[in-house]
Amino acid sequence: MTTLPGTEAGAGGAAGPDPTLRTDTSPGTTAPPAADKPPGTTAATPPGAEPPPGTDPGNAFLAKAAVVTAVLTVAGSLLGLVRDQVLAHFFGAGSATDAFLVAWTVPEMAATLLIEDGLAFFLVPAFSLALARRAAADGTGPGPDPVRALVAASLPRMTLWFVGACLAIVAAAPLLVAALAPGLPDPGLAVDCTRLTATCALSFGLAGYCSAALRAHQRFAAPAAVYVVYNTAIIATLFLLAAPLGVRAAAVGVALGGALMVVVQAPFLWRQLRLRGAAGAAGRAARPGEQAVRLETAVIWTVLLFALCRQSQVLIERFLASSLPAGAISHLNYAQKVAQMPMVLSLMLCTVTFPVVARALAAGETERARDRVERDLVLAGCVVLCGAAAIVAVAPDLVRLLFQRGAFTAADTAATAAVMRVYAVGLLGHTLVGALARAHFSVGRATWAPLAAMGVGILTTAGIGFLTVGTWGVYGIAGANAAGICVTAVLLLYALGPRAVPLRTRAVAGQLGRLTLAAACAAGLGAWCAHHAGPPVAAVATGGLVVGVSFLAAGWGLGVPALRTAAARVGAAARPRAPRPATRKRRDDR
């Protein structure tokens, strides 16, 4: 889901490795450095300029990419909130909304598997290796372009799989609804919505392929814009078709939005593929595209099974909530959508630096990858914990401000806000899982540690959920989610080792622990101030401001290096600069 442009100048992991260091696609092997460059040197890129594909981005470019990604991601998230507001306005938190949210499981699952996690985790390293091979060839001889060969070998086959998955979901929709929500009051409506949303298996797959390829090419704007066009399409469709189609209009919007996600990216990817770059080196024994496909095959099951296992948390929640009174699934959905915004923001830097880490590991520069991952974990922790503290502090007023209108009642507000506070407890775990999974999969070879850790977390979620749903209802379900994801995060953190990225685990855990303590203090103070602030707008603004200031102050007092650095930079920026002495130009009288 990052002080975002938290890319610090001079922070040694921001720039990627030298592309000339990698001349094959076998994981873990490197070629001797080029004769005219010492190991570790990087191609010079003007500050803030877009580097050519296959070259190393500098700190200024990564900061620029992070800012662009942040702006577009925030826009997409805000439109997602507007989408939920429109849905709540038209249909409230009743049985019709529950039916659509069961069908919503399909695009949620598809987004995780095909856009956010699954495809990206094995396609970004594969395209990074193909780009490195293209750069290493440097026009030394005829041969197939590695990037085009990779696309030709992988995209047609994957498209067939996407079409098959789409048709399978349409055919199995009644069985899926019965399995996901056996106690649903109107299963027929849920089946109709599921069949309409099934198209996202194809559209999200193609959109995810384009996103991964563009990010590996260090092009981030179009991939970050996909949720802007997606949510815009759903909102527009709801306003146009809610009256004649009811909640089915939202499912039509999902289908239309998925198609637009492909349309907004395809021209940019086509442009990159037309830039053939250097031809492959002469006399290669095998086509680079074929080797990249073998690499994908080696990791594809570990990646997709991990993403599927992670997304199954949502399936468990919907299954347990279907036995509760009408509206329970809606309360969980609205609470989760708002609570996850800090997580989305915190993971943006990890999304931008994922190709950098993959290329560093491909070149054997483990220390550079380690420094980048450690910095990303702490920065992401700062953002998500500050956001979680704000969520806890202002939850009732925030839900009242966002949703309490139309069919969404005060009782719905109270239930949603309480669930949101429980969800917030697990936000750090969700962020760490997203960041650490990228570190595990950036090595470009099969690793079962993420799947094993996620499996333990899912068992924890299911066990606690089944034990508590009867007593605590939706609060027990949300608490089970938080507990399960935190278990997974701890296991992933300690599972990184020499075969992946050897983190200094104790130092990272120490900083995250101090940040958590700072967030707890900030949440308590912010909640007290918001309670006495008056109307919802004033309460949200006051609570959010108090949380931000107190979180920075507490983190600085606890000695968190990242926050001390941020405070020092803010102080330096706030101090007036001394005027520079005037300089006179010398005349050449000769």
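This is a predicted model: local features need pLDDT of at least 70, side-chain atom pairs count only at pLDDT 80 or more; totals for chains, interfaces and linings use all residues.
**Overview. The protein chain as a whole, with its 22 helices and 0 strands.** The accessible surface of the chain comes to about 23,800 Å², and 68% of that area belongs to carbon and sulfur atoms. A search of the whole structure finds 10 salt bridges, some of which are shown in the views that follow.

**View 1. The crossing of helix 5 and helix 6.** Helix 5, which spans residues 146-180, and helix 6, which spans residues 187-197, have axes that come within 9 Å and cross at roughly 150°. Because angles over 145 degrees count as roughly antiparallel, the two helices are described as roughly antiparallel to each other. The handedness of the arrangement is also defined, helix 5 passing helix 6 in a right-handed crossing.

**View 2. Gln218 in the loop between helix 7 and helix 8.** The loop that holds Gln218 lies between helix 7 (200-216) and helix 8 (221-224). Although Gln218 is not a glycine, its phi is positive, at about 65°. Gln218 has a relative accessibility of 5% and therefore counts as buried.

**View 3. The salt bridge between Glu108 and Arg318.** The closest N and O atoms of Glu108 and Arg318 are 3.1 Å apart. This pair links distant parts of the chain, since Glu108 belongs to helix 3 (residues 105-116) whereas Arg318 belongs to helix 11, 210 residues apart. Glu108 is buried, with a relative accessible area of 12%, and Arg318 is buried as well, with a relative accessible area of 6%.

**View 4. The salt bridge between Arg83 and Asp84.** In this pair the closest N and O atoms are 3.2 Å apart. Arg83 has a relative accessible area of 9% and is buried, and Asp84, with a relative accessible area of 3%, is likewise buried.

**View 5. The salt bridge between Arg400 and Asp397.** The side chains of Arg400 and Asp397 meet with an N to O distance of 3.0 Å. Both residues lie in helix 15 (residues 366-403), and because they are 3 residues apart there, about one helical turn separates them. Arg400 counts as partly exposed, at 34% relative accessibility, whereas Asp397 is buried, with a relative accessible area of 11%.

**View 6. A network of salt bridges that includes Arg370 and Arg504.** The residues linked in this network are Arg370, Asp371, Glu374 and Arg504.

**View 7. A nonpolar surface patch that includes Leu305.** Trp301, Leu305, Leu308 and Trp448 together make this patch, which has an area of about 450 Å². Leu305 lies in helix 11, which covers residues 288-321. The relative accessible area of Leu305 is 33%, so this residue is partly exposed.

Notes. Residues are numbered from 1 along each chain as its sequence is written. Side-chain values use heavy atoms; hydrogens and water are left out. Patches are made of residues with over 30% relative accessible area and no salt bridge: like charges are joined within 9 Å, nonpolar side chains (Val, Leu, Ile, Met, Phe, Trp, Tyr) within 5 Å. Accessible areas come from the Shrake-Rupley method with a 1.4 Å probe; for residues, only the protein chains shown count as cover. A salt bridge is a side-chain nitrogen of Lys or Arg within 4 Å of a carboxyl oxygen of Asp or Glu. Helices (H or I, at least four residues) and strands (E, at least two) are DSSP runs, numbered from the N terminus. Buried means under 20% relative accessible area, exposed over 50%, partly exposed in between (1.4 Å probe, protein chains only). Axes are lines fitted to C-alpha atoms, for helices over the stretch in contact, and angles run from 0 to 180 degrees between N-to-C directions. Angles under 35 degrees count as roughly parallel, over 145 as roughly antiparallel, 65 to 115 as roughly perpendicular and the rest as oblique. A crossing is left-handed if the near helix is turned anticlockwise from the far one by less than a right angle, and right-handed if clockwise.
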